[in-house]
Amino acid sequence: MKTFNDIFKSSFLDNVTEFAVIDVLIGMVFALLIGLFIFLVYKKTFSGVMYSTGFALSLVGLSLVTTLVIMAVTSNVVLSLGMVGALSIVRFRAAIKEPLEIVYLFWAIAIGIVIGAGMIPLAVVGSVIIGIILVLFANLKIHENPYILILNCSNEKAEEEALALAKKSVARFLVKSKTVNASGIELTAEIRMKDPATSFVNSLSALEGVSNATLVSYNGEYMS
């Protein structure tokens, strides 16, 4: 019958120490570098309402932590079973504000898994490809950035004049909502700009019967 001391003398504890320090250092350095690359790509492609430095830095930390966990798991079977049990009770309650943030979370986790498994070239090449694709698509989205135009008109004649001027000044004009009450007409439209200039809003506001003209940036996911 095994005693308490026999358990601690068993071979599985010896296997835990069987890892190369140089391999750990190389893996952690590459995880840090690629994590910083993910951080920069996220900062470059961010198009939400409020930029979160904490979330961006967590991508670097997530890459490092995942790499460390996978290195430990691959070095010992017994430890891997315990790690799975420990991670199964972890619950993450952080709110995801932008759908694209899920991509960056999985990217950071995937990098940690790949580097921890020893496939550093795959992590480097894959991250470069993913980063280039995300930056390219982010730039395309910026060029197609829509706006919301809000007009307050006192009567129907002022509305018709404002619509005619707005449609002539923008590349695309689509009415989203229209509210009519005793104080006048409120019109909300999604527009696409021909160029970055917004001087046409001043012209709209100067029209007789137009009490207010507001232009709001719109990313397709929220209105304000």
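Me: Which residues form one aromatic cluster?
Reply: Phe37, Tyr42, Phe46, Phe55, Tyr104 and Trp107 do. This is a predicted model, where local features need pLDDT of at least 70 and side-chain atom pairs count only at pLDDT 80 or more, while totals for chains, interfaces and linings use all residues. Residues are numbered from 1 along each chain as its sequence is written, and side-chain values use heavy atoms, with hydrogens and water left out.

Me: How many aromatic pairs are there?
Reply: The count is five. Rings of Phe, Tyr and Trp (its six-membered ring) pair if their centres lie within 6.5 Å; planes under 30 degrees apart are called stacked, over 60 edge-to-face, and the rest tilted.

Me: What kind of pair do phenylalanine 37 and tryptophan 107 make?
Reply: Their planes are at 85°, so the pair is edge-to-face, with ring centres 6.1 Å apart. It links distant parts of the chain: phenylalanine 37 is in helix α3 (residues 21-45) and tryptophan 107 in helix α6 (residues 100-116), 70 residues apart. Helices (H or I, at least four residues) and strands (E, at least two) are DSSP runs, numbered from the N terminus.

Me: Is tryptophan 107 buried or exposed?
Reply: Tryptophan 107 is buried, at 4% relative accessible area, whereas phenylalanine 37 is partly exposed at 30%. Buried means under 20% relative accessible area, exposed over 50%, and partly exposed in between (1.4 Å probe, protein chains only).

Me: And what about tyrosine 104 and tryptophan 107?
Reply: Those two form a tilted pair, 6.0 Å centre to centre with 35° between the planes. They sit three residues apart in helix α6, so about one helical turn separates them.

Me: New topic: how many salt bridges are there?
Reply: Four. A salt bridge here is a side-chain nitrogen of Lys or Arg within 4 Å of a carboxyl oxygen of Asp or Glu.

Me: Which residue does glutamate 159 bridge to?
Reply: Its partner is lysine 178, with the closest N and O atoms 3.0 Å apart. Glutamate 159 lies in helix α8 (residues 156-169) and lysine 178 in strand β2 (residues 172-181), so the bridge ties together parts 19 residues apart in sequence. Glutamate 159 is buried at 8%, and lysine 178 is partly exposed at 46%.

Me: Which residues are linked in a network of salt bridges?
Reply: Arg172, Lys176, Glu190 and Arg192.
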